[in-house]
Amino acid sequence: MGITKVHKVFDINNALQLLEKHRDEAEVLAGGTDLLVHIREDKNKGNVIIDISDIIEMKKIEIFENEIILGALTTFSEIVQNEYIKDKITGLWKAAKSVGSPQIRNMGTIGGNICNASPAADGVPPLLALDAILNIKGNDEERTIKLSEFYKDRGKTALKANEMLISIKIPISKNKKINIGFEKLGPRNALAISKISSSVYIEIKDKLIKDIRVASGALGGYPLREYSVEDFMKGKELCDRTIEEAAMKYSETLSQRLAGRSSLEYKREAVKGVFKKAVYSAAHG
């Protein structure tokens, strides 16, 4: 679809007014790593572009006692360069570090990665495992929604045509290291997307798994939580046997989800190794 108008905006309210005016005709440009490719290939959905890339209030990493706020325009490079995230939330740091090339990390934003709803979005599984909450704003209302409830189907989200993702909240305890791991399997080419990714958040008490959240990338129509694997592991001792059995459970879940797909046999085997690495990474920090 040809582009008829490009609006450059510098504040949230102006962007929302334009979204309200143009609705289904508009697409939002954040980092542009995906949208610019779509435009070049004539695959963009709207003919009006709203460029929000210089809205300063959406570019931030704020660390509080009980939460971290990531502005939707925070780039992957900015996440990688943040020492707190590198030290305390290593799984998220590792995911950001794994995104594409340095040029893509410099331009690509965490908000764009979420809203594009790609099944293979590297930044999303650790945020799902961290139980992240999205702050969404429209002209008339501001609301929050859990990231785990944001995706509705392949390429479809809970974001309305006149709304923008403003920020992402991650619940934390500021002085406590968060046990989260991230692993991915993909082609050697740094520009290629993941074939499989898995992120695991885990809490251990008296050698038992008190809480666990498991998230997948490129293993369904969109990034998603693996609730059956979580339910299987909760309350059990964290040991090699539990991890091995959980990996088998993960594989069985994929057999049902990806039934009939040519990639099933490869993914049902490969996911076991990726998942086990993510668990060990989370457990050992």
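Visitor: In which loop is the place of Ala 117?

Guide: This is a predicted model, in which local features need pLDDT of at least 70, side-chain atom pairs count only at pLDDT 80 or more, and totals for chains, interfaces and linings use all residues. Residues are numbered from 1 along each chain as its sequence is written, and side-chain values use heavy atoms, with hydrogens and water left out. Helices (H or I, at least four residues) and strands (E, at least two) are DSSP runs numbered from the N terminus. On that numbering, Ala 117 lies in the loop between helix 7 (110–115) and helix 8 (124–129).

Visitor: Is Ala 117 buried or exposed?

Guide: Ala 117 is not a glycine, yet it has a positive phi of about 60 degrees. Buried means under 20% relative accessible area, exposed over 50%, and partly exposed in between (1.4 Å probe, protein chains only). Ala 117 has 4% relative accessibility, so it counts as buried.

Visitor: Asp 206 also has a positive phi; is it buried or exposed?

Guide: Asp 206 is not a glycine either, and its phi is about 55 degrees. This residue is found in the loop between strand 12 and strand 13. Its relative accessible area is 68%, so Asp 206 is exposed.

Visitor: How many residues lie between strand 12 and strand 13 in their hairpin?

Guide: Two strands pair if DSSP finds at least two bridges between them. Strand 12 (residues 196–205) and strand 13 (residues 208–217) are antiparallel, with nine bridges. Lys 205 stands opposite Leu 208 of strand 13, and Ile 202 has Ile 212 as its bridge partner. The number of residues between the two strands of the hairpin is two.

Visitor: Which residue takes a positive phi in the hairpin of strand 13 and strand 14?

Guide: Strand 13 and strand 14 pair in the antiparallel sense over two bridges. Ser 216 is opposite Leu 224 in strand 14. Six residues lie between these strands, and the one with a positive phi, near 65 degrees, is Ala 218.

Visitor: How many of the ten residues of strand 13 are buried?

Guide: Strand 13 is largely enclosed by the rest of the structure. The count of buried residues behind this is eight of the ten.

Visitor: What radius of gyration does the chain have?

Guide: The radius is taken over C-alpha atoms, and the globule rule is 2.2 Å times the number of residues to the power 0.38. For 285 residues a compact globule would come near 19 Å. The chain agrees with this, at 19 Å.

Visitor: What share of the contacts with a separation of 6 or more joins residues 24 or more positions apart?

Guide: The chain holds eleven helices and 14 strands, and 51% of its 285 residues are buried. Contact means heavy atoms within 4.5 Å. Among contacts with a separation of 6 or more, residues 24 or more positions apart account for 61%.
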